[in-house]
Amino acid sequence: MKQRFIYSGTADHPVYVDVLVAEEKTEKLPIVMLHGGFHNGTGYLATPDGREGWAALFCRRGHDVHVMDWPGHGRSPTSARFLELSMADVGRSLAALLHDIGPSIVFAHSAGGPIVWWVAENHRSHVKAIVGIAPGAPANLVPELPTEPDTAGDGDAGSHAIYAPTDRPAFVDRSFIQTYWANSPRFPHGAFEAYARSIGHESPRILNERFNIGGSGLRLERPEQLGTLPILVMTGDADPRHPKEVDGALATFLGADFIWLPDIGITGNGHMLMLEDNHEQLAAHIGHWLDQRSL
C-alpha cells in the first residue's frame with residue numbers, strides 16, 4: 001500500500017488526513033476513519049504496542065483509507081477559537097472531506113458517533129455506510145443536563161456526565177484514561193504510557209455537547225434521512241460507558257445492526273477496540289459485515 005497525507009476540511013477548520021492507497025484497484029468504496037474525543041487518528045494507524053492498525057488492515061482488503069484528525073487535534077491546525085469548536089464544526093470538516101473523495105464508508109469511534117450521525121443526515125449521498133465503534137448517541141437519546149459545574153462526574157451517558165468549564169481546554173488525567181479507555185483485559189497494558197502520551201486536549205464545547213449539558217448536544221432533526229443506510233454498532237462487555245442496553249437502544253433508534261461482542265463469543269473488550277489484543281479478529285467481523293452488503 002502507498003501512504004501519503006492531504007489537507008481537507010473547511011476554511012475555518014482544516015484537517016490533516018492520512019491516506020492509505022490500496023495496491024490493487026477494486027470497486028470497493030473508500031473508508032474514512034473518525035476518532036473520538038481527546039484522541040487523534042494515530043489510533044487507527046498503529047496500536048500503542050506497535051501492531052499494524054485498522055487503517056492498514058482495511059487497505060489490504062482493497063479500500064483506500066482516509067484517517068482524519070479532528071480540527072485542533074493531532075496534526076490538524078488548532079484555531080485560536082478552539083474553545084468554541086463544536087461537533088458541527090468537526091462534522092462540516094468531515095463533510096468537506098467526503099465531498100473531496102466521494103461517497104464513502106465512515107468508521108466513527110466514541111464521540112465521533114454524534115458527528116457522523118449528523119453528517120449522514122445532512123450529507124446522505126456521501127455516506128454509504130457507517131461502522132460505529134462504541135459510538136456515542138445523538139442528543140435525541142441523551143438526557144439533558146443542567147449547566148452547573150456540580151453536575152460533573154466521571155463517565156458517560158447522563159449518569160456519568162462530564163461538565164467542562166468553558167474558559168479553558170479540557171484534559172483528562174491518567175486515572176481517567178486507565179478507568180475508561182485502557183481498563184479492559186484486552187488492552188495492551190505494557191504500552192499504556194505510549195497510549196497515554198497520545199491523548200490530547202478537548203474543546204469544552206464539544207465535551208458539553210457530548211453530554212448534552214444545557215441541551216447543547218447534536219441532535220438528529222430528520223432521523224428518517226438515514227433511511228436504509230447500512231449501519232453497524234459494535235460494542236464490548238468491558239466498556240463501563242457503553243452497556244449493552246445503551247448501545248442496543250442506539251442501534252434500535254438508528255435501525256442499525258448491533259454486534260454485542262459476547263453474543264458472538266468474544267469477551268473482555270473495552271472502549272478502544274481498534275487497539276486491543278484481538279483487533280484483527282474484530283476487523284475481520286467488520287469486514288464480513290461489509291462483504292455481506294457488497295461494500
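Lys and Arg count here as positive and Asp and Glu as negative, while His and the chain ends are not counted. On that basis, the protein chain carries 23 positive and 35 negative side chains, and the centres of these two sets are 5 Å apart. The model is predicted. Its protein chain contains 9 helices and 8 strands. The radius of gyration is 17 Å, close to the 19 Å that the globule rule gives for 295 residues, so the chain is as compact as a globular protein of that length.

**Overall dimensions and surface**

- Along the principal axes, the C-alpha atoms of the protein chain fill a box of roughly 55 × 40 × 35 Å.
- The protein chain exposes about 11700 Å², and carbon and sulfur atoms supply 50% of that area.

**Burial and contacts**

- Of the 295 residues in the protein chain, 57% are buried.
- Where contacts join residues at least 6 apart in sequence, 74% of them link residues at least 24 apart.

**Strand S2 and its partners**

- Strand S2 spans residues 14-21 and is mostly covered, with 7 of its 8 residues buried.
- Strand S1, formed by residues 2-9, pairs with S2 in the antiparallel sense over 8 bridges, and a hairpin of 4 residues joins S1 to S2.
- S2 also pairs in the antiparallel sense with strand S4, residues 65-68, over 4 bridges.
- Val17 in S2 stands opposite Ile6, and the bridge partner of Val17 in S4 is Met68.
- In a regular strand, side chains alternate between the two faces of the sheet.

Notes. Residues are numbered from 1 along each chain as its sequence is written. This is a predicted model: local features need pLDDT of at least 70, side-chain atom pairs count only at pLDDT 80 or more; totals for chains, interfaces and linings use all residues. Side-chain values use heavy atoms; hydrogens and water are left out. Buried means under 20% relative accessible area, exposed over 50%, partly exposed in between (1.4 Å probe, protein chains only). Helices (H or I, at least four residues) and strands (E, at least two) are DSSP runs, numbered from the N terminus. Two strands pair if DSSP finds at least two bridges between them. The radius of gyration is taken over C-alpha atoms; the globule rule is 2.2 Å times the number of residues to the power 0.38. Contact means heavy atoms within 4.5 Å. Accessible areas come from the Shrake-Rupley method with a 1.4 Å probe; for residues, only the protein chains shown count as cover. The place of a charge is taken as NZ of Lys, CZ of Arg, CG of Asp or CD of Glu.
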